[in-house]
Amino acid sequence: MESTGIKTKQKADRQAASEHPSGDKRFKVLDITMKRAQYRQDALIEVLHKAQESFGFLEEDVLLYVARKLKLPLSRVFGVATFYHLFSLKPSGAHSCVVCLGTACYVKGSGAVLSALENHTGIHQGETTADGQMSLMTARCLGACGIAPAVVFDGTVAGKQTAEEAIDKIKQWGIGNEA
Ligand code: FES
């Protein structure tokens with residue numbers, strides 16, 4: 001009886017050891033959630049929730065990672081991610097911008113960064129510009145609180161962002177430049 005518990009723990013430790021090769025802190029946040037749930041398959045919805053909070057949306061790489069860790073077929077993970085309205089898959093814009101609204105970032109002004117981006121692009125969080133150039137999303141903690149406020153531009157986390165810096169960045173993509 002005792003040995004079953006030990007085996008489960010050893011299994012969980014082995015799974016925890018294989019981290020996402022990118023070293024992206026957001027995957028570490030996900031690892032903690034899955035470990036806490038002991039990699040149970042019925043924790044899938046909870047894990048996807050956490051993933052969406054951390055990444056702003058569910059991209060294929062994240063779904064693959066979750067499927068592998070929970071030992072579920074990818075089709076099942078995709079099925080759940082697309083069935084529930086609360087989950088959004090990768091946004092359709094050519095570029096993506098995710099503003100962290102977690103506590104540390106919010107306290108350091110990420111709300112103002114988001115408002116500036118919304119004003120500049122004319123879209124709200126969760127939307128894509130009419131020309132399909134950029135999707136604007138929010139997250140609840142990217143695991144990068146030390147460099148708050150953090151914004152992810154096309155998958156790359158940028159720290160200590162001001163509204164001006166964030167707007168400069170999306171202007172480099174040619175978004176919202178005055179005609
Ligand atoms: S609250 Fe923004 S990275 Fe943690």
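Is Thr 128 buried, exposed or partly exposed, and why? Keep that question in mind as we look around this predicted model. Thr 128 has 19 C-beta neighbours inside 10 Å, so it counts as partly exposed; a residue is called buried if 20 or more lie within that distance.

Thr 128 sits in strand S2, which covers residues 127-128. Leaving aside residues up to four places away in sequence, Thr 128 touches Pro 91, Ser 92, Gly 93, Ile 123, Met 134 and Ser 135.

Now step back to the chain as a whole. It has eight helices and five strands. Reading from the N terminus, the elements run α-α-α-α-α-β-α-α-β-β-β-β-α. Of the 179 residues in the chain, 31% are buried. If you take contacts between residues at least 6 apart in sequence, 62% of them join residues at least 24 apart.

Next comes the sheet. Strands of a sheet pair through backbone hydrogen bonds, in either a parallel or an antiparallel fashion. Here, five strands form an open sheet in the order S2-S3-S1-S4-S5, and the pairing is mixed. S2, the strand of Thr 128, is an edge strand, as is S5 (156-158), and each of these two pairs on one side only. Further in, S1 (residues 95-100) and S4 (residues 151-153) pair in the antiparallel sense over three bridges.

Finally, turn to a pair of helices. The axes of H2 (residues 25-36) and H3 (residues 44-55) come within 10 Å and cross at roughly 160°. Angles over 145 degrees count as roughly antiparallel, and H2 and H3 are therefore roughly antiparallel to each other. Their crossing is right-handed. On the H2 side, the contact is made by Arg 26, Val 29, Leu 30, Thr 33 and Met 34. Facing them from H3 are Val 47, Lys 50, Ala 51, Ser 54 and Phe 55. Sorted by class, this contact has six nonpolar, two polar and two charged residues.

Conventions: Residues are numbered from 1 along each chain as its sequence is written. This is a predicted model: local features need pLDDT of at least 70, side-chain atom pairs count only at pLDDT 80 or more; totals for chains, interfaces and linings use all residues. Helices (H or I, at least four residues) and strands (E, at least two) are DSSP runs, numbered from the N terminus. A residue is buried if 20 or more other C-beta atoms lie within 10 Å of its own, exposed if 12 or fewer, and partly exposed in between; C-beta atoms are placed from the backbone. Two residues are in contact if their C-beta atoms, placed from the backbone, lie within 7 Å. Two strands pair if DSSP finds at least two bridges between them. Axes are lines fitted to C-alpha atoms, for helices over the stretch in contact, and angles run from 0 to 180 degrees between N-to-C directions. Angles under 35 degrees count as roughly parallel, over 145 as roughly antiparallel, 65 to 115 as roughly perpendicular and the rest as oblique. A crossing is left-handed if the near helix is turned anticlockwise from the far one by less than a right angle, and right-handed if clockwise. Ala, Val, Leu, Ile, Met, Phe, Trp, Tyr, Cys and Pro count as nonpolar, Asp, Glu, Lys and Arg as charged, and the others, Gly among them, as polar.
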